[in-house]
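Here is a short report on a protein model with several chains. Look at the structure first, then read on.

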Amino acid sequence: MISRGERIANYAVLALFAAIALFPVLLILQTALSNDAIVSDGPASSFNFQNFADAWDQGHFASYMRTSVVVAILVVGLSTVISVLAGYAFGTMSFRGSEVIFYLILLGIMVPAEALVVALYFDLRALGLTNTLVAIVMPQVAQSTAFGTFWMRAYFRTSSREVVEAAHIDGAGHWRTLWQVLVPMGRPAVTTMVVLVFMWTWNEFLIPLIMATSENLRTAPLGLAFFQGQYTSGTALLAAGATLVALPVVVVYLFLQRHFIRGMVEGAVK
Amino acid sequence: MTPVQQMATPAATVRTPSGRRGRPGEPRRVAYLYILPAVAVFGLFILYPLIRTAQFSLYEWDGLGASSWVGLANYQAVFSEPQLRGAFVHALVLIVFYAVVPVTLGLLLAATMSRALLRGLGFFRVVLFLPQVIPMVVVAIAWRQIYEPEGPLNDLLRFVGLDSLARPWLGDYAWALPSVGIVGTWVGTGLCLVLFLAGMARIPRELYEAARLDGAGPLREFVAITLPSVRGELAVALTLTVIAALKTFDLVYVMTSGGPGTETTVPSYQVYNNAFLLGRVGTATALAIVLTAVVFVVTVVINRIGERGQR
Amino acid sequence: MRLFTRTSTRWGAAVAAALLIAACAPGDDGGDDDATEAPAAGDVQTDASQLGDITLTVWDQEVREGQTEQIEALNAAFEEAYPNITIERVSRSTDDLRTTLRLALSGEDAPDVVQANNGRPEMGQYVASGLLTPLDPYAEAYGWFDRFPESVRALASYSDDGATYGEGELYGLPQMGEIVGLYYNKTKLDALGLEPPATTEDFEAALTAAQAAGEIPIQFGNSEPWAGIHEFGFVQNQFSDAETIRNLGFGRPGSSWTSEDNLAAAEATVSWVDSGYFVDGFNGITYDSAWQSFSQGNGVFFVGGTWLIADLASAMGEEVGFVLPPAGASGQNLVTGGISIPWAIPANSDAQDAAAAYIDFITNSDAMTAVTEAGNVPVIEADQQTTEGLQAEVFAAWAQAGSEDLIVPYLDYATETFYDTITAAVQNLMGAEATPQQFLDTLEAEYTAATGS
């Protein structure tokens, strides 16, 4: 069997790596709560929650966060519905071309955003659609749908055939079977997808950077990057801003970490 | 730790259509209606832009005025201009830091640790996985601070008497790229460790016992039992981390803007820079197409390797 | 009924359809040129209160202490004078403005007023692409031709194809004058028993003395690489002549980067690096932490622009001084600079009259006083202002630079991509990644390609 020493050593290794994983996070938190070096050389230990309020105001984070929330809701909402519909068809029905179409959509997971946004930007500009929510949201919906379709198809394929047949015998059509039987049963799978798409959307940088230039369409990560360039004295407010931007996604993670890990482990590519 | 369920169909190990091994499903024409929104979104926002990208890459265009057909000249530039080629070389270096190091580290650690059944793994798993979740911009800001000339890293080095190693990490020609890479290592290692621990937890203990009876040492155990059993996880980990390395953008945009000189430029950064700052849309799209091709090839190759021996 | 007969037909059709849509070349369908034509002078509505309710979106890079103060004061005054106009201010660091401006200008709902760097990498490109409105009609209506001397207007003038820089139509107006001179720590220089250096010889002697006394001779941060343009310009000004630097800077034919003078400048830069005159690890230090460090007593000299007056004066008080760069080979105190980043009107702005009224407002005589009071150098009428301390020293240097014709342009003005080229090249030169000759060859290649000389 395993010796005590070996077990302790294992914990020590885990603890070491956990410490390394946490260090930058704690550093930001500590900086966010400290006094700005350039303003005063006071002790860094005095907690300074005022920094968060100052950063919020000076960095215009109210507006950035609002945009981020709207974008996240739209992307998550749209891609979830579209993915459930498509996954249902791919997972439970047989139709001509299903394999080819499915694998084509799957390729969408692999296409890096860089290969889409440049051309998409110029085409949308020609249509007068840049600098709109559509331009920020739809490319992300497309990418998330590629993943979501794959994910939901996997769920629907494993869903019990007996349940579906029982629903049919009760007279439920395919539409009702989907929404009243399969989706409620598949809540864990749907939650995982929602959580992952939320995280990707919240953290996305390149697409909103290119697609929107007006201030009220900038998302939180962009606002933070600009705040960094603009805020030239000290680091406390910058760290406070960084904390604010990371907070929503970290909170969701702490509550639903199983879904994050499961999704990343199984869903893989993005 | 919860055993990983449904490892049979992670996206990374998707198999080529090999007939319907699952249930056939009901033949329904209404399926086309169900997939219509997905197909529309995919067609409009992925397939069409991708085709346009390929088309743009054959033109010289500043993004504003008229364009002119140049054939494959942009691709020639991608492979011959030192700055553009350099971006891909840097991406290769980043792969070492983003993928090779975390995967190796994760494998070795998980292998040594999986011999003991540990309690309280849940907590460590949450913490180790955390770097995956935090927005890259925030990660970049944190690490920029760590690398400051008077930052924690140099403080630490001076504290332990290694003053000569202290340097302005992100401004140092030799160290800037590895410094960016180490952030990738930081992000990826926890993921790999979590993946492999999950994979190895499923290996039946009896296998090891049998091997030990045959007189196998730890190394043989690792090569003969552990490694083959986590082939799937290995493929997932490699795919995730290699693609993350190839697609690095936020980190470079926020941490170094490609400097010093052009030491930390990466393909994505060059795509943005060429398309939207330098007005070289053709070059940018050619770069993007090459990048896409590389991502495809890497994904396919890794998954071929991951698949082999799995069935 | 079968939807499709055969797989291959289906895919053939799909691909054909996609190709059909994609058939038009990039740029063919773009830019439906609805940009309003610039009005004739007589049509310009110069009374902004008659323009109706307008939200004016203004993108600026006035983020430093003195700059923020003046623009916020002027914005408030403008809104008070014209209650029908609301200003939506978007401020960015110079770098972030540079990286996002092109995208913003080409969009349909472009901002109404932007600060666009007047060199070819920005303004030149935008003019060539028709993204900026020529200001001549407004200049006539508002009397800008009288307000601003030719020398200032030339720095923001282009021919309408963007090919010729320095003449043609006016595309922007600056608020401030700008020179990159030498800030010095008075206490430290006194302690070394030295006067501010007047010649390169003096300067090198001061560097040696500072180093011997254990001081950092030159504080410098080159992590945002544009600082390198200033640093190298500062050295080049002491080795080359005004004519050469102007030709190179404005991208005019007739000079050469690989001249002996320029080689001497590049070699001097390297030898100063090798001698340890610049602070350790400058390539990894940000511009802002560099001047902050200088203000906290780390460094005897700091090569910096006049945009730092307010910041440095409030951090250092009486301790900081400012002089023109030392006189070198040419015997003149040549100094890099000219105008601050000018304010321009995007062609896609839908409130151009109001935008012009705004630009007029922030560059009139009252504005010049506000600019001065916030601790900056006004681009005109500097001699009518009263100043003291550091600001007075800068004003003296500015006046001298004007009267003796000492100002040479920023080097990145030269070609559309010269910003990228020279910033990386200077980092490479000072990081010992390129020899002086390689450095100059890189620059020469792009200069000759663009000027055809």
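Is strand β10 (residues 335-339) of chain C largely enclosed by the rest of the structure or exposed? Strand β10 of chain C is largely enclosed, because five of its five residues are buried. A residue is buried if 20 or more other C-beta atoms lie within 10 Å of its own, exposed if 12 or fewer, and partly exposed in between, with C-beta atoms placed from the backbone.

Some ground rules come next. This is a predicted model, in which local features need pLDDT of at least 70, side-chain atom pairs count only at pLDDT 80 or more, and totals for chains, interfaces and linings use all residues. Residues are numbered from 1 along each chain as its sequence is written, while chains are lettered from A and ligands numbered from 1 in the order in which they are written. Helices (H or I, at least four residues) and strands (E, at least two) are DSSP runs, numbered from the N terminus.

## Strands of chain C

Strands of a sheet pair through backbone hydrogen bonds, either parallel or antiparallel. Two strands count as paired if DSSP finds at least two bridges between them. Strand β10(C) has the partners β6(C) and β12(C). The table sets out these pairings, together with that of β1(C) and β2(C).

| Strands | Bridges | Direction |
|---|---|---|
| β6(C) (residues 177-185) and β10(C) | four bridges | antiparallel |
| β10(C) and β12(C) (residues 407-408) | two bridges | parallel |
| β1(C) (residues 54-60) and β2(C) | seven bridges | parallel |

Some single bridges can be picked out. C:I179 has C:G337 in β10(C) as its bridge partner. C:T336 stands opposite C:V408 in β12(C).

Axes are lines fitted to C-alpha atoms, for helices over the stretch in contact, and angles run from 0 to 180 degrees between N-to-C directions.

## Two helix pairs

Two packed helices are described by the angle between their axes and the distance between the axes. In chain C, the axes of α10 (residues 226-236) and α18 (residues 418-430) come within 8 Å and cross at roughly 65°. α10(C) and α18(C) are therefore roughly perpendicular. Angles under 35 degrees count as roughly parallel, over 145 as roughly antiparallel, 65 to 115 as roughly perpendicular and the rest as oblique. The crossing of α10(C) and α18(C) is left-handed. A crossing is left-handed if the near helix is turned anticlockwise from the far one by less than a right angle, and right-handed if clockwise.

Which residues of α10(C) meet α18(C)? They are C:W226, C:G228, C:I229, C:E231 and C:F232. Across from them are C:I422, C:T423, C:V426, C:Q427 and C:M430 of α18(C). Two residues are in contact if their C-beta atoms, placed from the backbone, lie within 7 Å. The contact of α10(C) with α18(C) has six nonpolar, three polar and one charged residues. Ala, Val, Leu, Ile, Met, Phe, Trp, Tyr, Cys and Pro count as nonpolar, Asp, Glu, Lys and Arg as charged, and the others, Gly among them, as polar.

The axes of α6(A) (residues 133-158) and α9(A) (residues 187-203) come within 10 Å and cross at roughly 160°. That makes α6(A) roughly antiparallel to α9(A). Their crossing is right-handed. Residues in this contact include A:W151 and A:Y155 of α6(A), and A:M193 and A:W200 of α9(A). By class, the contact of α6(A) with α9(A) has seven nonpolar, four polar and no charged residues.

## Chains A and B

Chain A has 13 helices and one strand. Of its 270 residues, 57% count as buried. Chain B comes to 13 helices and three strands, and 54% of its 311 residues count as buried.

How many residues of chain A are in contact with chain B? There are 83 of them, and they touch 91 residues of chain B. Helix α1 (residues 4-32) of chain A gives the largest share of chain A's side, 15 residues. That side divides into 61 nonpolar, 14 polar and eight charged residues.
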